[in-house]
Amino acid sequence: AYESKAYKEDYYNKKIENAIIKRSAVTGSLIHGYTEFDDYFGKHVDKFFTPEIDELYLYYHEGYVFGLQAIYRDSWGKTHKETYKGDLHMANNVTKENCQRAKMKLSYDEYVKEVYVEAGGEYVTFIKFVTNLGQTVQVGHQMGTPKNILPDQSKVMGIGGTHNICLNSIYFYYT
């Protein structure tokens, strides 16, 4: 099983073999010594399908984003879809019970097409996800006017970044 590791794998700079998959820029600070996570290289790269996000869980409290978790699904087949849980990306000394939680459940024909992220100093302070069907979920404290970090017509299929006490950096894989 994949476990989050202290920042040493440098997943963000690892070559993506599949030419249709792209990686967004990093928002926040990739800091050596902090815990690194990457659902694409940790969960998806060895599987023979293109994953989609089925559910998103965001953990936060008063302007701080503490962590996130995605449930992924197999994009093939309408009636029988395999789902699998991505790891919870949150510091071990922070418990889910002490955080507020926001959840987004996507329908079969729905996918995340826009992501807005802000970071202040070393922390991610705001995240907003928007689907192709107009569903949104956002957490944290919006300080400015964030821009969508994905190109038009994108479909998010994986998340990576680093965390210490809070989420420090985040980036996305998309097709």
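A strand here is a DSSP run of E with at least two residues, a helice is a run of H or I with at least four, and both are numbered from the N terminus. The model is a predicted one, in which local features need pLDDT of at least 70 and side-chain atom pairs count only at pLDDT 80 or more, while totals for chains, interfaces and linings use all residues. Residues are numbered from 1 along each chain as its sequence is written, and side-chain values use heavy atoms, with hydrogens and water left out.

First, the overall picture. The protein chain has 14 strands and 1 helix. It has 175 residues, and 49% of them count as buried. Buried means under 20% relative accessible area, exposed means over 50%, and partly exposed is in between, with a 1.4 Å probe and protein chains only. Now take the contacts between residues at least 6 apart in sequence: 63% of them join residues at least 24 apart. A contact means heavy atoms within 4.5 Å.

β10 and β11 pair in the antiparallel sense, over 8 bridges. Two strands pair if DSSP finds at least two bridges between them. Besides the pair already named, V112 has T131 in β11 as its bridge partner. The hairpin of β10 and β11 has 2 residues between the strands, and G121 takes a positive phi there, near 65°.

Which strands make up this open sheet, and in what order? There are 3, in the order β10-β11-β12, with antiparallel pairing. β10 and β12 are the edge strands, since each pairs on one side only. From one strand to the next, the twist averages 10°; the axes are lines fitted to C-alpha atoms, for helices over the stretch in contact, and angles run from 0 to 180 degrees between N-to-C directions.

Next, the nonpolar cores. In soluble globular proteins, nonpolar side chains tend to be buried together. A nonpolar core here is a set of buried Ala, Val, Leu, Ile, Met, Phe, Trp, Tyr and Cys residues joined through side-chain atoms within 4.5 Å. The largest core has 28 residues, and the members that touch the most others are F129, I159, I170 and F172. Two or more residues each come from β5 (51-61), β6, β9 (100-105), β10 (112-120), β11 (123-131), β12 (136-140), β13 (156-163) and β14 (167-174). There is also a second, separate core of 9 residues, including Y57, Y59, I71 and M90. As for F129, leaving out residues up to four places away in sequence, its contacts include L56, L58, M104, V112, V115, V137 and F172.

E55 lies in strand β5, and it counts as buried because its relative accessibility is 14%. The side chain of E55 makes a polar contact with the side chain of Y57, at 2.5 Å. A polar contact is a pair of N or O atoms within 3.5 Å; within protein, one must be able to donate a hydrogen and the other to accept it, and residues adjacent in sequence count only if both atoms are side-chain atoms. E55 and A70 are 15 residues apart in sequence, yet 5.7 Å apart in space, C-alpha to C-alpha. R73 is in strand β6 (residues 64-74), and at 0% relative accessibility R73 is buried as well. A polar atom of the R73 side chain lies 3.4 Å from the backbone oxygen of L106.

How many disulfides does the whole structure have? The search finds 0, where a disulfide would be a pair of cysteine sulfur atoms within 2.5 Å. C99 is in none, and its nearest cysteine sulfur, that of C166, is 8.8 Å away. C99 is buried at 12% relative accessibility, and C166 is buried at 5%.

Last, two loop residues. E62 is in the loop between β5 and β6, and Q153 is in the loop between β12 and β13. Neither is a glycine, but phi is positive in both: near 45° for E62 and near 70° for Q153. E62 counts as exposed because its relative accessibility is 63%, and Q153 does so at 76%.
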